[in-house]
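Please examine the sequence and the three-dimensional structure shown below.

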Amino acid sequence: MKFLRFKNKVDSLNEDKSIKSGFLDDENKVVELKGDILDYHNKDIKTILENIVETHSLEDIEIEAPTNPSKIVCIGLNYKDHAKEMNEELPDRPTIFIKPSTTVNRTDNIIIYPKISSRIDYEGELAAVIGKTTKQVSPEEASECIFGYTIINDVTARDFTLGDGQWTRGKSCDGFAPIGPFIETELDPLNQKIRTKVNGEIKQNSSTSQMIFSPQEILSYVSQTMTFNPGDIIATGTPPGVGPMEADSIVEITIEDIGTLKNYLIKEE
C-alpha cells in the first residue's frame, strides 16, 4: 500500500496549512485517512478501511514529505557496484552519518543551490521509514519496526565535504533531503531497480540487490547505540554514478515499486 501525506491545493490557497494522511488506491485516487500515517503501522486492511474520510484527485493535492523525522541516519558506501567504481574494499560494518531534520524536503519542490558552494551532487537512495520506537533490535526483529520504504535524495555539497575532511556541513544544508512521494509498505527492499536522471539523462542505474547491508541489518546495527523514533529515516546508501548537478537542473529518482521523486535545483540569490 502506498501511503502519503498531502495538502489540498484549495486549502493551501486559503492558508489552511494542515497536512492530511492517506493512501493511493488502484485508480490513482488519494484516499484520506483519519490521523497520521504512522498510526497505521502494522495495522490490517480492515482497520485502515474503517478510518477512511474522503477521496481526492491527485490533481487537487500537493504531496508533502511522507514523514517528519527527528533524524535521518545515512549509510556511506553500501552498494557493491559503487565500491567497485570507487576501487574500495567492501566495508565490514555500516558507515553512518546523520542529516538534521531541517534538510527534509518534498517532491516537486525546489532544492536551493547555496551560493557559497561550487558543487552540488545528487545521490539517489532507497529509504526505510521507522514505524515505532526502536532500540537494540536484532535483524530479525527489525522488519517489524519498519513501516515501509520511500525514496530520498541525499543531496551533497561536495566541495564542503572534501574541504572540511568530514561530511556534516556538506550533507546538512536546508532542504538537502527531498523524500517521497509515497511510503510503500509492500515491496522487497533488496529487489528494486533504482535510477537517477538529471535533465532526462540517466546518471545512476542499479538495483538494491547490490546492497552490502540490508535495511534490517542497518537498523539493527545502529539501534544498538541510538534510539529510533517513529517516522525516522534510514537512507540506505547510493549506487554508482554519483555526480554534480548544475543550477536549473531537474533531478528525478525512480524506484520501481515506489514511484519518482522529482526536484528542481535553483541557485540561491
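**Pockets, cores and aromatic rings**

In the lining of the second largest pocket, nine residues are nonpolar, six are polar and three are charged, where Ala, Val, Leu, Ile, Met, Phe, Trp, Tyr, Cys and Pro count as nonpolar, Asp, Glu, Lys and Arg as charged, and the others, Gly among them, as polar. The model is a predicted one, in which local features need pLDDT of at least 70 and side-chain atom pairs count only at pLDDT 80 or more, while totals for chains, interfaces and linings use all residues. Residues are numbered from 1 along each chain as its sequence is written, and side-chain values use heavy atoms, with hydrogens and water left out.

A pocket is found on a 1 Å grid over the protein atoms alone, as an open set of points where a 1.4 Å probe fits, with protein on both sides within 12 Å along at least five of seven lines; lining residues have an atom within 4 Å of a point. Its volume is the space filled by probe spheres set on the points, which are joined across faces, edges and corners. The second largest pocket has a volume of about 240 Å³. Its lining comprises 18 residues, and Phe 3, Asn 42, Phe 147, Thr 185 and Glu 186 lie nearest the centre. Helices (H or I, at least four residues) and strands (E, at least two) are DSSP runs, numbered from the N terminus. Strand E12 (146-153) and helix H2 (45-49) each supply at least two residues of this lining, and E12 gives the largest share, four residues.

The largest pocket has a volume of about 440 Å³. Of its 23 lining residues, His 82, Met 86, Glu 123, Arg 158 and Trp 167 are the closest to the centre. Strand E6 (72-76), helix H3 (80-85) and helix H5 (158-164) are the elements that give two or more residues to this lining. The lining of the largest pocket divides into seven nonpolar, seven polar and nine charged residues.

Rings of Phe, Tyr and Trp (its six-membered ring) pair if their centres lie within 6.5 Å; planes under 30 degrees apart count as stacked, over 60 as edge-to-face and the rest as tilted. By this rule there are three aromatic pairs. Phe 3 and Tyr 40 are stacked, at 6.4 Å centre to centre with 20° between the planes. Both Phe 3 and Tyr 40 are buried, that is, under 20% relative accessible area with a 1.4 Å probe and protein chains only. The rings of Phe 3 and Phe 147 have centres 5.3 Å apart and planes at 50°, so this pair is tilted. Because Phe 3 lies in strand E1 and Phe 147 in strand E12, the pair ties together parts 144 residues apart in sequence. Ring pairs link Phe 3, Tyr 40 and Phe 147 into a cluster.

A nonpolar core is a set of buried Ala, Val, Leu, Ile, Met, Phe, Trp, Tyr and Cys residues joined through side-chain atoms within 4.5 Å. The largest has 27 residues, and Tyr 149, Leu 219, Phe 228, Ile 234 and Ile 258 have the most contacts inside it. Apart from it lies another core of 19 residues, including Ile 37, Phe 97, Ala 177 and Ile 183.

Helix H7 is mostly covered, with seven of its nine residues buried. Leu 219 is one of these buried residues.

How values were computed:
Buried means under 20% relative accessible area, exposed over 50%, partly exposed in between (1.4 Å probe, protein chains only).
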